Each structure stands twice: as C-alpha cells, then as structure tokens.
Amino acid sequence: MDDRRILVAEDEQKIADTLKFGLSEHGFVTEVAYNGKIALKLFQTYEYDLIVLDINLPGMDGYELCKAIRKQNEHVPVIMLTALSSLNDKIEGYDAGADDYIIKPFEFKELLMKIRVLLKRTTVQTGPTGNLLTAADLEMNLENKEVKRAGLPINLTAKEFQLLEYLVRNKNRVVSRADIAINVWDIDFDTNTNVIDVYISYVRNKVDKPFDQKLIQTQVGMGYILKETG
Ligand code: CA
C-alpha cells in the first residue's frame with residue numbers, strides 16, 4: 001500500500017483537509033484540488049492510483065470530471081462523494097464511470113475501507129502475470145494479444161506479434177536470423193531470403209518509428225537485438 005497516490009477533488013475545505021490528513025496518515029500520497037478543472041489538469045499531469053471526487057465542484061462538476069478521466073484511463077478507480085443520496089444520482093455516477101460512491105456525511109473509516117477494496121482489485125487486475133511481457137515501455141499481453149508502447153496501442157499482424165514476442169523474450173541479447181527463422185517461422189530459411197529483414201522493418205515501423213528510443217537494433221553480421229536501454 002505504500003506510496004499509493006490519491007487525488008482528491010473536493011471544494012469543501014474541511015472535508016478536503018480531513019481527507020488529506022487521514023489518507024496521509026495511512027501512508028497514501030494525497031493531493032487535493034478544490035476545483036474540477038484543476039483536478040483534471042493534475043490527473044493529466046501526474047499518475048494516480050485512485051481518485052476521490054465530489055459531485056458538486058466549481059469549474060467542472062464531478063460527473064464531467066469522471067467522464068473526462070475515463071476517456072483517458074478506463075481502469076483507475078474512482079469514488080464519488082455526494083451529499084445527495086437519490087437513486088438517480090448514483091446511477092448518473094456509475095454512468096459517468098465511477099466505481100463506488102459514498103454519501104456525505106461519511107465516516108473516514110468507511111471511505112478508507114472502500115479505497116482499500118478498490119486498490120486491491122486493481123492490483124489483482126494489473127499486477128504482473130505470466131501473460132504480460134515487457135521491455136522498457138513496451139507491453140505485450142499474450143492472452144488478448146494487445147501490444148502497447150508508452151500506453152499507446154499498437155496493431156500488429158499475427159506474424160509481427162510472434163516476431164516481436166521472440167525478440168522481447170530474448171531481450172538484451174543478440175538473436176541471429178537463423179534463430180528467428182527457426183523460432184518464429186519454424187523453418188530454416190535459405191540465407192538469401194530477406195523475409196526476416198522485411199518483417200523486422202514492419203515491426204520497427206510500428207513499434208519504434210513513432211518513438212525516440214529505438215528498441216530493435218541491428219548487429220551487423222550477427223542479427224538483431226531488442227535493447228531495453230540506449
Ligand atoms: Ca462540493
């Protein structure tokens with residue numbers, strides 16, 4: 001639980017202070033925004049593990065704020081604070097993408113419990129599993145075949161995926177064209193064929209070209225290496 005970052009969007013000074021103090025005491029790094037627009041700015045600038053937001057906020061209300069957060073991040077847990085307890089408000093909150101809500105006035109302990117439950121859930125969902133391969137800011141999900149670099153999705157064909165997977169599994173070491181041929185194509189290529197180089201260039205175009213750091217490097221006379229650094 002250490003160093004988890006929580007963003008609190010709440011304009012009532014007293015509640016905001018209580019939350020900041022209470023959450024900090026329980027080991028959370030807590031930042032408070034007293035305005036919805038400022039909260040969104042903070043969210044776009046820093047990374048948070050969970051958001052607590054009030055519905056009635058100046059600048060941008062809690063529903064709008066929640067929707068804007070969801071546009072950028074589908075997974076970060078959001079808890080809504082509301083003085084209103086009617087069914088419609090709850091429904092609107094869930095529609096906006098909130099994971100849970102809490103009705104004011106509330107016991108700090110109750111909020112803390114909800115926060116812990118949601119953080120545990122996200123840890124399970126996004127924690128390291130055998131199905132996720134990573135190299136630097138590149139992520140490959142072997143289960144749903146999603147590839148991301150710096151959080152941006154990359155579409156690869158099945159063969160490109162297999163090639164990249166092989167390079168990532170062997171990251172930081174040189175693999176020869178013969179290694180690639182046997183492991184990715186299941187055959188021994190005639191040394192004259194350039195199919196591997198062609199596929200390497202396809203993968204580079206998608207995975208490296210848009211980014212400053214080039215992961216896939218050519219080792220002249222030896223093959224290729226996917227390097228995590230430099
Ligand atoms: Ca308020």
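This is a predicted model: local features need pLDDT of at least 70, side-chain atom pairs count only at pLDDT 80 or more; totals for chains, interfaces and linings use all residues.

Reader: Which residue does a cis peptide bond join to proline 105, and what is omega?

Author: Most peptide bonds are trans. Here, however, a cis peptide bond links proline 105 to lysine 104. Its omega is about -5°.

Reader: Is lysine 145 buried, exposed or partly exposed?

Author: Lysine 145 sits in the loop between strand S7 (138-141) and strand S8 (147-149). Its phi is positive, about 65°, although it is not a glycine. Buried means under 20% relative accessible area and exposed means over 50%. The value for lysine 145 is 49%, so this residue is partly exposed.

Reader: Which helix gives the largest share of the lining of the largest cavity?

Author: That cavity holds about 60 Å³ of space. Strand S4 (78-82), helix H4 (87-95) and strand S5 (100-103) each supply at least two residues of its lining. The largest share, 4 residues, comes from H4.

Reader: How many residues in the lining of the largest cavity are charged?

Author: The lining includes Asp89, Lys90 and Asp100. By class, it has 5 nonpolar and 2 polar residues, and the charged ones number 3.

Reader: How far apart are the end C-alpha atoms of helix H6?

Author: Helix H6 (residues 158-169) has 12 residues. At 1.5 Å a residue, they should span 16 Å. The end C-alpha atoms agree with that, because their separation is 16 Å.

Notes:
Residues are numbered from 1 along each chain as its sequence is written. Side-chain values use heavy atoms; hydrogens and water are left out. On a 1 Å grid over the protein atoms alone, a cavity is a set of points where a 1.4 Å probe fits but cannot get out, and a pocket is an open set with protein on both sides within 12 Å along at least five of seven lines; lining residues have an atom within 4 Å of a point. Grid points are joined across faces, edges and corners, and a volume is the space filled by probe spheres set on the points. Ala, Val, Leu, Ile, Met, Phe, Trp, Tyr, Cys and Pro count as nonpolar, Asp, Glu, Lys and Arg as charged, and the others, Gly among them, as polar. The expected span of a helix is 1.5 Å times one less than its number of residues. Buried means under 20% relative accessible area, exposed over 50%, partly exposed in between (1.4 Å probe, protein chains only).
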